[in-house]
Amino acid sequence: MRIARFDGGRIGVVVGEDIVDVSAAAGVTPGEWPPVGPVRLIRDFDALRPAIEAAAATGAKLPLASVRLETPVPWPNKVIAYPVNYHAHGNEMQAGYRATNQGFFLKPNSSLSGPADPIVLPHVPGREVHHEAELGIIIGKTARGVAREDWKDYVFGYACLMDMVVRGREERVFRKAYDTFCPVGPWIVTADAVPDPQALEFKLWVVKPDGSRELRQHANTRDLVLDIPGMVATASAVMTLQPGDIIASGTPQGVGPIVAGDTVHIWIQDVGEMTVPVVQGTEGATEVFADAYVPPIVKQPLG
Ligand code: MN
């Protein structure tokens, strides 16, 4: 099942090229604040599923193109992110560590945005803002101390995720915390509809205003250094995971700068695809980024 959020906090099931509003069956109130309905929906999904499926089968279909898709879980308990989780990305960044011996960091929930929300570049002269294409993993149940072999019991589904970053050597969280620096979408595909999340091909292109497309990233989740069971086990060793928590699983090689006017297109096998425009914002200047920095990236072949 593909579960989307749209048009001011409505919940929809995507059927082909259409979407059916199932907000009532999902128990989600559009426009609520804080927007925690999706978290409750994920917690209660097993019980709600029959009613949601019935609503999806009988409700009015709207063309997907006629609605505004929003980030599926806008108010999770936390967004967990694994750094350097593909060897070739570690090589391009000349990083001597990997997620297996570094652990995770957190992105602020306020950095979440949706497929229709532009990435707003901060005003940081002398710096590059880079895309990182990642598989987003949505946690389904409250859990602590999950054993590797039990990981599937705690994953609700998957989404496309971009971990945007200002390159530099300053605190990683600071550089990854700007508003709109965590696009997630276009929907969540429930885990039962993703046959093998540990062998998902994925790609990211940057599209220029003239329509030309550059394939920047192309990889497969089978090459994760810390695999999905390991990510669930590692995060839950430290913190209680909650329904709706999002794991950014790490980016492969091919990261690079985006500029205003670009469109970033991410596709993940069995999950979906979304295109996110890039605009220049006026905010974001900070003395932290006073010194110019160009990342010394060593180009690696794509997967
Ligand atoms: Mn990342």
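Modeller: Both Glu132 and Glu134 are buried, where buried means under 20% relative accessible area, exposed over 50% and partly exposed in between (1.4 Å probe, protein chains only). The model is predicted: local features need pLDDT of at least 70, side-chain atom pairs count only at pLDDT 80 or more, and totals for chains, interfaces and linings use all residues. Residues are numbered from 1 along each chain as its sequence is written, and side-chain values use heavy atoms, with hydrogens and water left out.

Colleague: Which residues coordinate the manganese ion?

Modeller: Donors are N, O and S atoms within 2.8 Å of the metal (3.2 Å for Na, K and Ca); water is not among the atoms, so sites may look incomplete. The donors here follow the spacing E-x1-E-x28-D along the chain. At 2.0 to 2.2 Å, the manganese ion is coordinated by Glu132 (OE), Glu134 (OE) and Asp163 (OD).

Colleague: With which residue does Lys107 form a salt bridge?

Modeller: A salt bridge is a side-chain nitrogen of Lys or Arg within 4 Å of a carboxyl oxygen of Asp or Glu. For Lys107 the closest N and O atoms of the pair are 2.6 Å apart, and the partner is Asp163.

Colleague: How many residues apart are Lys107 and Asp163?

Modeller: Helices (H or I, at least four residues) and strands (E, at least two) are DSSP runs, numbered from the N terminus. Lys107 lies in strand S7 (residues 105-107), while Asp163 is in the loop between strand S12 (155-162) and strand S13 (165-166). The pair thus links distant parts of the chain, and its separation is 56 residues.

Colleague: Is Arg216, which forms a salt bridge with Glu214, buried or exposed?

Modeller: The closest N and O atoms of Arg216 and Glu214 are 3.1 Å apart. Glu214 counts as partly exposed, at 38% relative accessibility. Arg216 has a relative accessible area of 11%, so this residue is buried.

Colleague: What area is buried between domain 1 and domain 2?

Modeller: An automatic or database domain assignment gives the bounds, dividing the protein chain into domain 1 (2-70) and domain 2 (79-284). Buried area is the accessible area (1.4 Å probe) that two parts lose on being put together, summed over both. Carbon and sulfur atoms give 66% of the total, which is about 1200 Å².

Colleague: Which residues of domain 1 lose the most area to domain 2?

Modeller: Together they account for 43% of what the domain 1 side buries. They are Arg2, Ile3 and Ile42.
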